[in-house]
Amino acid sequence: MRLDKFLKNSRLIKRRTIAKEACDQGRVSINEKEAKASTEVSVGDKIEITFGTRTTKVEIIDISEHVTKDLAKEMYKIIE
């Protein structure tokens, strides 16, 4: 699954266009490497998202194409 689509489906970022912009600006990294929106993600990858002074680090647990709002938080676990 593409990184921008995962961020939207997991509801870490509200919209896919915003997720793409964050990736283009270098605010998202996978396994400590800067990532483009089209980068493929897999289970076990660690994603770091920086917005302003806030940084969120998560590990991917599950990848699903269609997920409900309640189950979205089960797609990842927060590391720090």
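This is a predicted model: local features need pLDDT of at least 70, side-chain atom pairs count only at pLDDT 80 or more; totals for chains, interfaces and linings use all residues.
Five strands form an open sheet, and their order is S2-S1-S3-S4-S5. The pairing in this sheet is antiparallel. Strand S2, residues 33-34, and strand S5 are the edge strands, each of them pairing on one side only. Strand S1 covers residues 28-30, strand S3 residues 46-51 and strand S4 residues 54-60. Strand S5 is made up of residues 76-78.

Strands S1 and S3 are paired in the antiparallel sense over three bridges. Ser29 stands opposite Glu48 of S3. On the S4 side, Glu48 stands opposite Lys57. Strands S3 and S4 pair in the antiparallel sense over six bridges. Thr50 has Thr55 of S4 as its bridge partner. The hairpin formed by S3 and S4 has two residues between the strands, and in this hairpin Gly52 adopts a positive phi near 65°. Strands S4 and S5 are also antiparallel, with three bridges between them. Val58 has its bridge partner in S5 at Ile78, and Ile60 is partnered in S5 by Tyr76.

Strand S1 also contains Ile30. With a relative accessibility of 8%, Ile30 counts as buried, because the limit for this class is under 20%. Ile30 and Glu40 are ten residues apart along the chain, and their C-alpha atoms are separated by 9.8 Å.

The model contains six salt bridges. Two of them involve Glu59. In one, Glu59 is joined to Lys46, with the closest N and O atoms 3.9 Å apart. Because Glu59 lies in strand S4 and Lys46 in strand S3, this pair ties together parts that are 13 residues apart in sequence. Lys46 has a relative accessibility of 40% and counts as partly exposed. In the other, Lys77 forms a salt bridge with Glu59, and here the closest N and O atoms are 3.9 Å apart. Lys77 belongs to strand S5 and Glu59 to strand S4, so this pair ties together parts 18 residues apart in sequence. At 43% relative accessibility, Lys77 is likewise classed as partly exposed.

Lys20 is joined to Asp24, the closest N and O atoms being 3.0 Å apart. Both residues are part of helix H2, which spans residues 16-24, and they are four residues apart, about one turn of the helix. Lys20 is partly exposed at 40% relative accessibility. Asp24, in contrast, has a relative accessible area of 52% and is exposed, because the limit for this class is over 50%. Elsewhere, Arg2, Asp4 and Arg16 are linked in a network of salt bridges.

Helix H2 also contains Thr17. Thr17 has a relative accessible area of 54% and is exposed. Between Thr17 and Ala37 there are 9.7 Å from C-alpha to C-alpha, and the two residues are 20 apart in sequence.

Lys8, Arg11, Lys14, Arg15 and Lys69 form a positive surface patch. Lys14, one of the residues of this patch, is found in the loop between helix H1, residues 3-9, and helix H2. Its relative accessible area is 74%, so Lys14 is classed as exposed.

Definitions and conventions:
Residues are numbered from 1 along each chain as its sequence is written. Side-chain values use heavy atoms; hydrogens and water are left out. A salt bridge is a side-chain nitrogen of Lys or Arg within 4 Å of a carboxyl oxygen of Asp or Glu. Buried means under 20% relative accessible area, exposed over 50%, partly exposed in between (1.4 Å probe, protein chains only). Patches are made of residues with over 30% relative accessible area and no salt bridge: like charges are joined within 9 Å, nonpolar side chains (Val, Leu, Ile, Met, Phe, Trp, Tyr) within 5 Å. Accessible areas come from the Shrake-Rupley method with a 1.4 Å probe; for residues, only the protein chains shown count as cover. Lys and Arg count as positive and Asp and Glu as negative; His and the chain ends are not counted. The place of a charge is taken as NZ of Lys, CZ of Arg, CG of Asp or CD of Glu. Two strands pair if DSSP finds at least two bridges between them.
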